Amino acid sequence: MGKSKNDILQGTLSLLVLKTLASRGPMHGYAITSHIQQVSSEMLRVEEGSLYPALHRMEQDGWICAEWGVTEKNRQARLYSLTAAGRKQLASEVESWARLTEGVRRVLRYA
Amino acid sequence: MSWSRRLLNLFRSNRHSSDLDRELAFHLAERIDDLEAAGLSHEAAVIEARRRFGNYGGTKEHTRDADVVSWLDALADDLRFALRALRHSPGFALVAILSLALGIGANTAIFTLIDAVMLRSLPVSHPEELVQVTMGERGPVFTNPIWEQLRDHQTVFAGIFAYSAFNRFNLSPSGEVRAVAGSLVSGNYFAVLGVQPALGRLLSNSDDVRGCPPLAVLSDAFWRSEFGADPAAIGKTITLNSHAFRIVGVAQSGFTGLEVGQATSIFAPICADAVLSGPNNALDRRSSWWLTVVGRTAPDVSLERIRAGLASLAPGIFEATTPLSAGAEQQQRYRKTTFDVKPAPNGLSLIRRQYRPALLTLMVIVALVLLIACANVANLLLARAAVRRREIAIRVALGASRGRIVRQLLTESVLLSVVAALLGLVLAQWGSRLLVSFLSPSSDPIFLNLAFDRRVLGFSIAVAMLTGIGFGLAPAWRSARVQPNAALKANARGVVEGQRGLSLGKALVVVQVAVSLTLIIGAGLLLGSFKKLATLDPGFRPSDVLLVSMSHPPRPGSNVDMRSISEEVLRRVRALPEVAAASVSQITPLSNTSWNEDMVVDGFSAKSEMDGVAYFNAVSDDYFRTLGTPLLAGRDFNQGDRLGGAKVAIVNETMARHFYKTTDPVGRTFRVRVGDRMEGPFQIVGLVKDAKYQTLREETLATAFIPVAQDTTIGGGLNLDLNLELRATGGGAIALPSLKKILLDVDPSLSVKFTRFATQVEDSLRRERLLATLSGFFGALALLLATMGLYGVLSYNVARRRNEIGIRVALGAGRRQVTTMVLAEVSVMVCMGLVIGLGLALGMTRFIASFLFGLAPTDAATIGGSMALLAGVALFAAYLPARRASRVDPMEALRED
């Protein structure tokens with residue numbers, strides 16, 4: 001996977017996707033990108049090339065499931081929604097993110 | 001992601017990728033919409049959308065993931081890593097690969113033979129439609145009159161043909177015989193088989209009529225070797241048994257007849273027997289059994305219908321072909337003969353019948369050897385895994401999953417087995433050829449197609465994969481269960497290593513000992529049988545004896561008098577200084593030829609048909625002296641025993657005992673029943689020691705010898721083959737060229753063939769020798785592997801327990817106690833292995849009972865000897881590690897780490 005300068009920090013993409021799906025219900029990939037960008041006030045930009053591999057991996061890990069649906073523009077889109085396993089995964093990723101940021105914060109403060 | 005899912009993805013990849021295409025297309029469409037809404041032109045929006053997405057195709061590839069691509073990447077990584085790991089321990093890799101290569105190679109070699117002999121289909125069209133016609137208990141060999149009746153009356157087969165299975169054509173007009181395998185075939189032979197000509201034409205029905213001109217079709221291989229693939233060979237003549245045959249064509253390449261193991265080089269029509277054998281030919285003989293009959297079934301006709309059709313034909317056919325010379329009772333039995341059929345898609349073969357049990361036995365033996373080799377490598381891997389505990393612990397600590405570790409280690413073991421399999425294939429090519437040369441009698445080579453076909457390759461790949469996973473799985477699984485905490489800490493001092501860790505290794509050693517014992521007992525029984533056969537007193541002394549088979553072509557218009565020819569030959573060779581004794585006979589011992597007659601002896605009544613049969617031979621004077629069979633009573637034949645004089649015979653001890661219940665039959669008489677006629681009486685003038693007749697294995701047969709001078713077939717031009725036996729003086733050799741010159745001087749049209757008697761005897765034991773040699777070799781290999789396994793486990797164990805042993809010694813344990821401790825450990829393993837192996841052997845050796853001679857499958861001496869041998873070798877293997885353990889210096893051992 002190619003790296004790019006405004007790539008989201010490795011490992012946080014799944015956290016963001018899970019959180020998005022948890023708060024907004026079933027969404028297609030494009031909406032997930034737009035949502036993350038909007039909510040983060042354009043500070044975070046999802047690398048579009050890496051979103052779909054991530055979605056598929058998460059699907060195969062059983063965190064999310066997908067089905068074909070129709071959008072308001074009458075286009076066929078694949079809609080992703082959170083599974084129970086995904087909810088658990090989200091909780092643990094939120095917790096570890098909190099620990100990470102807390103750790104980083106302390107280092108920045110005292111080191 | 002699980003392997004199964006990943007594999008599923010591979011197969012589903014089309015659906016998957018079209019799903020993905022749609023999804024990505026949707027994404028692009030949405031992005032383009034937004035960009036256009038923001039004011040870009042459509043074209044600019046498309047380009048921008050694509051740009052933001054990055055490499056569209058690349059994304060697809062990534063998304064399909066981890067799926068296939070990264071899986072292959074990981075495989076390549078695993079392979080690279082495995083190679084590096086193996087390069088770091090070349091000793092381990094070498095031992096593992098060599099022992100597996102031997103195992104896999106041996107399996108492939110034997111399987112190649114089984115494939116060639118039993119599984120390969122004939123190179124003809126629709127071989128699955130071919131069935132062999134037999135006559136129930138009367139066997140599968142037909143007379144020409146029966147064949148002609150069958151050919152003319154049957155309607156159940158789509159086609160039917162006959163051929164002679166074992167013809168040898170002599171290519172040289174006279175002098176030393178140059179024999180090739182040939183076959184007399186019915187006219188429609190090639191047409192029914194669907195064999196095409198490579199050149200010229202093949203035979204047809206119009207070539208196979210009485211009085212036919214002598215024509216021949218060559219096999220492609222023979223045409224290449226004999227005529228250098230010269231198209232001008234068509235129309236030339238070739239000399240077969242001194243008769244000129246015109247070559248009409250060459251059969252398609254690869255077709256060498258139906259007899260597996262024999263490369264038929266020349267095909268001539270059945271009617272040509274009139275030319276080859278003259279007035280003596282078998283075309284109208286109702287008691288000459290020489291033809292094999294094969295039919296091609298029509299697609300919609302079941303075997304049941306064919307059997308029914310043949311059953312309704314049988315009475316008429318056997319009525320019309322009843323041998324008139326047979327007795328009334330025999331004729332009645334003959335008329336009741338019925339037909340049967342059996343499928344023959346792989347061709348027909350004497351060697352298949354002869355060697356099937358031997359090959360299957362060998363297959364089991366080599367499979368067991370492979371099992372031992374696998375156990376050995378598994379053991380090595382276990383020891384290695386223990387050494388690599390730290391490495392693996394670190395990888396687990398760094399986040400490698402258990403599945404990943406197992407996979408990595410399995411890649412290593414499969415890599416080992418694949419390299420071993422490649423080496424094994426080379427060994428197998430060489431080994432299977434060696435085996436065939438082993439099986440082939442020197443005079444009559446066996447031809448088998450030993451090229452690897454898909455079946456053989458598939459077999460060895462399957463064996464390699466199975467062994468790789470088989471020996472690798474347990475060690476890999478155990479390694480992956482490592483607890484990084486414990487493993488990394490364990491480098492600190494542990495005083496007493498737990499025993500649990502090696503229980504698998506010990507179990508493997510037990511298995512090795514058990515299986516080795518089975519193999520060694522089997523080998524011991526086969527070797528013992530062979531030794532008994534090879535050293536048994538056959539009743540003659542084959543060394544220094546030269547056998548010369550002489551045959552004369554029939555001479556149209558006048559009789560060939562083989563008797564006067566043989567008398568002249570004897571007169572001249574007996575004058576040679578290097579000849580100690582010389583004789584002629586119809587049959588030589590162990591030559592697979594026999595002649596028996598129904599005996600009529602006063603005071604004797606036969607309990608069964610075979611009980612009243614004696615075996616015959618016609619011999620000249622000095623026959624017994626030449627072969628080294630002692631004359632026990634009475635006299636040898638002499639000049640007085642002439643045609644027309646009183647009929648005389650010499651009998652062996654078994655004959656005297658069986659028919660006369662005496663040890664001195666000289667002076668008694670017997671007669672011989674030929675059909676409804678009696679021949680004789682023969683008066684017994686001498687008694688000779690028992691000697692083997694057809695095989696070394698046989699119970700000595702009751703044998704009667706009559707003088708060549710009184711054998712009416714030899715003088716009357718009926719029998720044109722005779723054997724000459726020469727015993728050389730005091731180990732000297734008889735010069736073949738001068739001998740040949742003498743023979744051709746007597747009659748220039750003689751064909752002669754020289755064989756050492758000793759070679760003929762050895763050839764008769766080749767199956768036994770093959771089994772004994774190979775089982776001995778594999779038994780030794782098994783012993784070696786098991787010893788290595790035992791040594792490896794013990795050495796490793798002693799090395800691991802250095803600390804513990806050091807402490808024991810420091811606390812006052814004597815060298816002796818330490819040695820005893822290690823040896824006790826061995827004894828438990830070996831004893832368990834021996835007990836299990838004994839049970840295994842007792843269960844299995846009865847399957848080789850038919851190969852044994854003079855030994856029961858449960859022969860106590862062999863079994864006891866094998867167990868002692870194995871135990872002895874095991875203790876020897878244990879001695880070195882035990883001694884090393886006893887020399888552990890406590891100071892050094894404790895200071896370490």
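This is a predicted model: local features need pLDDT of at least 70, side-chain atom pairs count only at pLDDT 80 or more; totals for chains, interfaces and linings use all residues.
In chain B, B:Ser749 belongs to the loop that joins helix 22 (736-746) to strand 24 (751-756). When residues up to four places away in sequence are set aside, B:Ser749 touches B:Ser174, B:Ser242, B:His552 and B:Pro553.

| Helix pair (chain B) | Axes | Crossing angle |
|---|---|---|
| Helix 17 (residues 503-535) and helix 26 (residues 815-844) | within 7 Å | roughly 40° |
| Helix 26 and helix 27 (residues 860-886) | within 9 Å | roughly 155° |
| Helix 5 (residues 90-119) and helix 14 (residues 402-439) | 6 Å apart | about 45° |

In chain B, the axes of helix 17 and helix 26 cross at roughly 40°, and helix 17 is therefore oblique to helix 26. This crossing is right-handed. On the side of helix 17 of chain B, the contact includes B:Val509, B:Val510, B:Val513 and B:Leu517, and on the side of helix 26 it includes B:Met829, B:Gly833, B:Leu834 and B:Gly837. By class, 16 nonpolar, three polar and one charged residues form the contact between helix 17 and helix 26 of chain B.

Helix 26 of chain B also packs against helix 27 of chain B, with a crossing of roughly 155°. Because this angle is over 145 degrees, helix 26 is roughly antiparallel to helix 27 in chain B. The crossing of helix 26 and helix 27 of chain B is right-handed. Among the residues that meet here are B:Val818, B:Val822, B:Leu823 and B:Val826 of helix 26 and B:Met867, B:Leu870, B:Ala874 and B:Leu875 of helix 27. This contact of helix 26 with helix 27 of chain B has 17 nonpolar, two polar and two charged residues. B:Val830 and B:Leu834 of helix 26 take part in the contact with helix 17 and are likewise among the residues that meet helix 27.

Helix 5 and helix 14 of chain B pack at about 45°, so helix 5 is oblique to helix 14. Their crossing is right-handed. The contact of helix 5 with helix 14 of chain B comprises 18 nonpolar and seven polar residues, with no charged ones.

**Nonpolar cores**

The largest nonpolar core contains 101 residues, of which B:Val369, B:Ile372, B:Val513, B:Phe778 and B:Ala782 touch the most other members. Helix 12 (residues 350-387) of chain B supplies the largest share of this core, 20 residues. Leaving out residues up to four places away in sequence, B:Phe778 touches B:Ala106, B:Ile365, B:Val366, B:Val369, B:Leu519 and B:Ala523. Another core, of 60 residues, lies apart from the largest one and has B:Val133, B:Ala165, B:Phe169 and B:Leu203 among its members.

**Chain A**

Chain A has four helices and three strands, arranged along the sequence in the pattern α-β-α-α-β-β-α. Of its 111 residues, 29% count as buried. Among contacts in chain A with a separation of 6 or more, 49% join residues 24 or more positions apart.

Key:
Residues are numbered from 1 along each chain as its sequence is written. Chains are lettered from A and ligands numbered from 1 in the order in which they are written. Helices (H or I, at least four residues) and strands (E, at least two) are DSSP runs, numbered from the N terminus. Two residues are in contact if their C-beta atoms, placed from the backbone, lie within 7 Å. Axes are lines fitted to C-alpha atoms, for helices over the stretch in contact, and angles run from 0 to 180 degrees between N-to-C directions. Angles under 35 degrees count as roughly parallel, over 145 as roughly antiparallel, 65 to 115 as roughly perpendicular and the rest as oblique. A crossing is left-handed if the near helix is turned anticlockwise from the far one by less than a right angle, and right-handed if clockwise. Ala, Val, Leu, Ile, Met, Phe, Trp, Tyr, Cys and Pro count as nonpolar, Asp, Glu, Lys and Arg as charged, and the others, Gly among them, as polar. A nonpolar core is a set of buried Ala, Val, Leu, Ile, Met, Phe, Trp, Tyr and Cys residues joined through C-beta atoms within 7 Å. A residue is buried if 20 or more other C-beta atoms lie within 10 Å of its own, exposed if 12 or fewer, and partly exposed in between; C-beta atoms are placed from the backbone.
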